[in-house]
Amino acid sequence: MQLLDVDVSVSRSAVVVTVAGEVDMTTAAHLAERLGHARTLVRDPCDLVVDLGGVRFLAAAGVAALLTAHLECAVRGATMWVVAPHRAARRPLVIGDEGSVLRVLAEAPEITAVKLADELAGRTAKAEAAGVRMAGAPVNGRVRPPLAVVSRIADRKAVTPPVRRSSLAVDLVAAAWETESAEYRAHIADLAGALHRQGHRVALHIRRTSADSARSSSTFEVVRVAAGPPTALSKAQLLPHLDEFAAALDQRWGEHTPDVVHLHSWQSGLAVRESAAPLAQSFHGLEPGGGPGTSNLAELERTIVLAADHLIAASGGEATALSRIGVPKARMSLVPWGVDTGVFSPEGPVAPRGVAPRVLALGAVAPHSGFDTVIEAISTVPDAELLVVGPIRSAVPREDTEMSRLVRLAREHGVEQRVKFTGEVRRASLPSLLRSADVAVCVPSREPSGIGALQAMACGVPVIATAAGALADIVLDDLTGVLVPPRDPATLGQALRDLIGDPVRRDICAITSVDRARARYSWDRVVTEVVDAYRKASGTPRDTPVAKLS
């Protein structure tokens, strides 16, 4: 008995693929083969319509076949529509992020592929609206496909506006603000701004210092707490002053109680003693077994977990770490960092560059970032230039121990002239630098946020990454980029050569990257999930047991 029937027909302005039966691991190959045949029939202006109305079962392998067809259509300048009126086919598409990448139509069972194809026949200027063309104008001396038009593809998706809910008074606490990285501070400020755009009242609490980097904002209040000397302190120096920080919060909350308090970092967890408001806690990376300023950070984190009403994990790895501490799933939410897709997008200025392939390595100049692996790998990629983009810890770069080691390594591998260190790049200049790259590389041993990879993806740049921390969630292997093992320069070098030598594959990754960044990691979606976590905090009793660490 035949389990799957796939029929391909040509309408006035669309190639129609009608699928009936069960798409499982065995029959998915047949679906992929028929979709491949259908793509060869697509001509401009023409769309591909896949009718899943007769599908009784759709496995992950079938979803993968649909995603591949969607991407290859997009590269050709065509659009693929999926008609999935019934639950059996629709649920596998929307249970993950695929439904926001594929154009899934499921408004009513009476929608048919033929009706949709007839509607498409009446469109005007369709090719301009959906177009991604493989030809492009020279950019800084080379031919580059116009990836900026990828943004028009994402703009065509039907997006349901967020539901307007009653506004909240949200107090954000970042007690260790002065000791954190620029990307950490930008994340908190972006979150505050996104909350404000959804109608919430936000106050950000940081310690008062002479080198205060938090600017006054028209969208949220910055409260500078007097705790300790008004000078910048290290994390270890900050700890004795957290009680004073907590006393100031007690006084403020005695006068007005917010609807929810969101604590950022374990230092902020220590800076709160009593609060009538529910407490949501973000760690931004758990470090069990020790850390700066304490002999047993794991036990300290467990204490902070006990005091919180709800935990917000930024990645699947962090959620697993919380589970190991003993946090039940009901007391945690997985909410990734967001990316500003208005700033980080394929459209905009491109930083100057030559004709040689450009690779950006993203992250702080530190041993855990894996830049030694990238330098060894780049020595196997002919002519490619490597820009190491990230902060250098020492105020005098030449005296930085890690940078000196990397410079020696580049000299040993004969690529000293092809490796450049940019230092920390201002946020305003970062998008244009990202757009100038052929590939971005993020291969750290740990990565709590993955924000560098997210920003590159939002700009339409394929990312090669290790499956470390948040990167395992963000980068989809062979779709938005490539996942490679850590500390493996041979595999990384091969991945770089493959991507740099295949412009069509890079463009497929670019399209998927922009779609994924906008669909899953835009601030509109992320902040909605944050607010959902706040509301869960309001309904979770604070004395929920947490398992004792062994």
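This report walks through a few strands, loops and helices of a predicted model.

## Ground rules

Because the model is predicted, local features need pLDDT of at least 70 and side-chain atom pairs count only at pLDDT 80 or more, while totals for chains, interfaces and linings use all residues. Residues are numbered from 1 along each chain as its sequence is written, and side-chain values use heavy atoms, with hydrogens and water left out.

Helices (H or I, at least four residues) and strands (E, at least two) are DSSP runs, numbered from the N terminus. Two strands pair if DSSP finds at least two bridges between them.

Let's start with β12, residues 279-282. L279 and Q281 point one way from this strand, while A280 and S282 point the other way.

Strand β11 (residues 260-264) runs parallel to β12, and 4 bridges join them. A280 is the bridge partner of H262 here. β12 also pairs with β13 (residues 310-313), again in the parallel sense, over 3 bridges. In that pairing, Q281 sits opposite L311.

## Two buried loop serines

What follows β11? The loop between β11 and α11 (266-270) holds S265. Its phi is near 90°, a positive value in a residue other than glycine. S265 is buried, with a relative accessible area of 4%.

S315 belongs to the loop between β13 and α13 (316-325), and with a relative accessible area of 2% it counts as buried. A polar atom of the S315 side chain lies 3.1 Å from the backbone nitrogen of E318. Setting aside neighbours within four places in sequence, S315 is in contact (heavy atoms within 4.5 Å) with L334, P448, G469, A470 and D473.

## The six-stranded sheet

Elsewhere, an open sheet of 6 strands has the order β17-β16-β15-β18-β19-β20, with parallel pairing. β17 (419-423) and β20 stand at the edges with a single partner strand each, so one side of each is left without a neighbour in the sheet. From one strand to the next, the twist averages 20°.

Within this sheet's order, β15 (residues 358-362) and β18 (residues 439-442) run parallel and are joined by 3 bridges. A361 has V441 as its bridge partner in β18. As for β20 (481-483), the loop between α18 (471-474) and this strand contains D478. D478 has a phi near 70°, a positive value in a residue other than glycine.

## Helices α8 and α21

Two packed helices are described by the angle between their axes and the distance between the axes. The axes of α8 (residues 182-197) and α21 (residues 523-538) come within 9 Å and cross at roughly 85°. Axes here are lines fitted to C-alpha atoms, for helices over the stretch in contact, with angles from 0 to 180 degrees between N-to-C directions. That makes α8 roughly perpendicular to α21, a label for 65 to 115 degrees; under 35 counts as roughly parallel, over 145 as roughly antiparallel and the rest as oblique. On the α8 side, the contact uses H187, D190, L191, A194, L195 and R197, and on the α21 side W523, V527, V530, V531 and Y534.

G539 is in the segment after α21, and at 64% relative accessibility it counts as exposed. The C-alpha atoms of G539 and R331 are separated by 9.9 Å, although the two are 208 residues apart along the chain.

How values were computed: Buried < 20%, exposed > 50% of the residue type's maximum accessible area, 1.4 Å probe, protein only. Polar contact = N/O pair within 3.5 Å; in protein donor to acceptor, adjacent residues only side chain to side chain.
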